[in-house]
Amino acid sequence: MESILSFISDNQLMIYLVILMIFVGIELIEKVPSVLHTPLMSGANAIHGVVIIGAIIIMGEAESLYATILGFIAVILGTLNVVGGFVVTDRMLEMFKKKKK
Amino acid sequence: MNQSILNLIYLVGSLSFMIGLKMLSKPESARKGNLVAAFGMTIAIFGTIFLYDGIKTSNYIWIFGALIIGTIIGTLMAKKVKMTGMPQMVSFFNGMGGACAAIISLVEYNHMGETTDIFNFSEGFGDTPVAVINGLKVKLGIIYLGLIIGSISFAGSMIAFGKLDEKIKDKTLPLQKVINIGMLLVILGIGAAASLGNIQWPNIIYVVLTLSLLYGVLFVMPIGGADMPVVISLLNSFTGVAAAMGGFLYDNKVMLFGGILVGSAGTLLTVVMCKAMNRSLLNVLIGNFGGGAATGEAKSMTGTIKEITKADAAVLMKYSKKVVIVPGYGLAVAQAQHICHELEEVLEAEGVEVKYAIHPVAGRMPGHMNVLLAESNVSYDKLLEMDDINPEFKTTDVVLIVGANDVVNPAAKNDPASPIYGMPILDVEDAAHTIVLKRSMKAGYAGIENELFYSPKNSMLFGDAKKTLTDLVSELKSL
């Protein structure tokens, strides 16, 4: 209990940020036409690939063999998420663009 | 200096995610939005590699090696996949992100174990101030949350991927609901106890990891039918939250920003999809929906079905005023979207008004049909959403249902025993005629009979969607 309270007061700004962010996320996609649901889900999927930053940090700081191997795998997986996610989304949206002409 | 530049880069990265997501939600700007977000991601990645304090230059080779391997595999997979396989591809990439988050937690846990005596909380660390101990407890809690959410997302996404690829079948254990809730409570309980220092066995984290992976499997395993899109969207937001945990761990704003953004946007998208199928999010979380369909309680159908020849179907459509096409997964499987567009053009040339009725969960993902039809140059304004097209069925002469089943099943409206009861459907029975184009009488993805097929107004046209549509087009041209 005590630790939770002290965490909250120590990280006030972070918590405000999270709460605001939740609303921003909801606000941003509230009026999306269902046409775009799949590309949007795919785009969001690519964005959470930002977790790769954490993978790069553990890889870069790695000293032990354990951290090196796991870090290496984590960076590969994270890259798959980011690159695959953006490329798939682009392929979906490419079709919408072609159509407009 | 480096740190300030990196902070600025993270700020730009975060903004680009927000703007990118905003642009993604409008058809005109969607593609650019994706590129904007990708730009933000790129600068954040390279900024971290070159400017983050603590990255050893001796490890560059590993980082770049992994980046190159990941980029090559990811690009190949994403380029090679067919449009019909998109949903499982998204699920696969989502799982990779979840696994990445779980690994980060594992490594950070070990790192913590090396630097501090984290397994002796209850005795305190001698003179260590309470605030420091509390900070460590919170950090452990975040590590556990990242691990649990990441592993569930990974295991669940892999199962969803296998299911959509039709490599894994639906399975329900007896007492599945009880087992699932129990397991989730046990996982969270162990995680909480370990974070607070009540469990002092270092390897407990691997127990949590194993249980979380198992839970992910059990969570998705019984879910079948049209519910899979909801699961993917939910797992997508899970991974977002897991990424945000990494943001807390490293006090990294761009991870926090991107993660929370996807977490909340993904949850909203999930709720929107649930609404479209008349299910509550709670049902999703307990992992108890859709599975009932496989047990086959649906009543057996009586009555006769009527077949129609391609020539008759062509004549029927040619002399109609208005034809509505209802596309479903069968159209995607048969890759019939191009010929479908051709049929539309031939009919329009004859003066027939043609529209498409898109059910929110047609195919395997919301918007799946729109993507496919857009690929074959079908114009936007011909694609009508359920609420817009439903009143129009009364004035429609022929509804051509191509490879769709559950989304036009009247049981959703008038059979309370049906597993899909309550799901909004396309009111195709209001039209003068319906023609169902299907490979066989086999039930749809939800595994239930469709009484529409036995309606006197309905005719069946058996065969592969692409081949049948091709024949229909040539019949129409020769008339």
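## Helix 1 of chain B

The expected span is 1.5 Å times one less than the number of residues. Helices (H or I, at least four residues) and strands (E, at least two) are DSSP runs numbered from the N terminus. The model is predicted: local features need pLDDT of at least 70, side-chain atom pairs count only at pLDDT 80 or more, and totals for chains, interfaces and linings use all residues. Residues are numbered from 1 along each chain as its sequence is written, while chains are lettered from A and ligands numbered from 1 in the order in which they are written.

The buried residues of helix 1 of chain B include B:Ile9, B:Tyr10, B:Gly13, B:Phe17, B:Leu21 and B:Leu24. A residue is buried if 20 or more other C-beta atoms lie within 10 Å of its own, exposed if 12 or fewer, and partly exposed in between, with C-beta atoms placed from the backbone. An α-helix has 3.6 residues a turn, so residues three or four places apart point the same way.

## Chain B overall

Chain B contains 17 helices and six strands. Of its 479 residues, 53% are buried. Among contacts in chain B with a separation of 6 or more, 79% join residues 24 or more positions apart. Two residues are in contact if their C-beta atoms, placed from the backbone, lie within 7 Å.

## Packing of helices 1 and 2

Two packed helices are described by the angle between their axes and the distance between the axes. For helix 1 (residues 2–24) and helix 2 (residues 30–51) of chain B, the axes come within 8 Å and cross at roughly 160 degrees. That makes helix 1 of chain B roughly antiparallel to helix 2 of chain B. Axes are lines fitted to C-alpha atoms, for helices over the stretch in contact, and angles run from 0 to 180 degrees between N-to-C directions. Angles under 35 degrees count as roughly parallel, over 145 as roughly antiparallel, 65 to 115 as roughly perpendicular and the rest as oblique.

The crossing of helix 1 of chain B with helix 2 of chain B is left-handed. A crossing has this hand if the near helix is turned anticlockwise from the far one by less than a right angle, and is right-handed if clockwise. The residues of this contact comprise 18 nonpolar, eight polar and two charged. Ala, Val, Leu, Ile, Met, Phe, Trp, Tyr, Cys and Pro count as nonpolar, Asp, Glu, Lys and Arg as charged, and the others, Gly among them, as polar.

The 30 residues of helix 4 of chain B should span 44 Å at 1.5 Å a residue, and its end C-alpha atoms are 44 Å apart, which agrees. Since 24 of those 30 residues are buried, helix 4 of chain B is largely enclosed by the rest of the structure. The axes of helix 4 and helix 5 of chain B come within 7 Å and cross at roughly 155 degrees; the two helices are therefore roughly antiparallel to each other. Their crossing is left-handed, and the contact residues divide into 15 nonpolar, eleven polar and one charged.

Helix 8 (residues 228–250) of chain B has 23 residues, which should span 33 Å at 1.5 Å a residue; its end C-alpha atoms are 34 Å apart, which agrees. Helix 8 of chain B is mostly covered, with 22 of its 23 residues buried. Just after helix 8 of chain B, B:Asp251 takes a positive phi of about 50 degrees.

## Interface with chain A

In the interface, 91 residues of chain B are in contact with 76 residues of chain A. Helix 4 (residues 86–115) of chain B gives the most to the side of chain B that touches chain A, with 17 residues. That side of chain B has 55 nonpolar, 28 polar and eight charged residues.

Helix 4 (residues 52–61) of chain A and helix 2 of chain B have axes that come within 10 Å and cross at roughly 15 degrees, and are therefore roughly parallel to each other. Their crossing is right-handed. The contact joins A:Ile52, A:Ile53, A:Ile56 and A:Ile57 of helix 4 of chain A with B:Ala44, B:Ile45, B:Thr48 and B:Ile49 of helix 2 of chain B.

## Two loop lysines

B:Lys82 is in the loop between helix 3 (60–80) and helix 4 of chain B, and is exposed, with 10 other C-beta atoms within 10 Å. B:Lys171 is in the loop between helix 5 (130–164) and helix 6 (176–195) of chain B, and counts as partly exposed, with 13 C-beta neighbours inside 10 Å. Leaving aside neighbours within four places in sequence, B:Lys171 is in contact with B:Met221 and B:Pro222.
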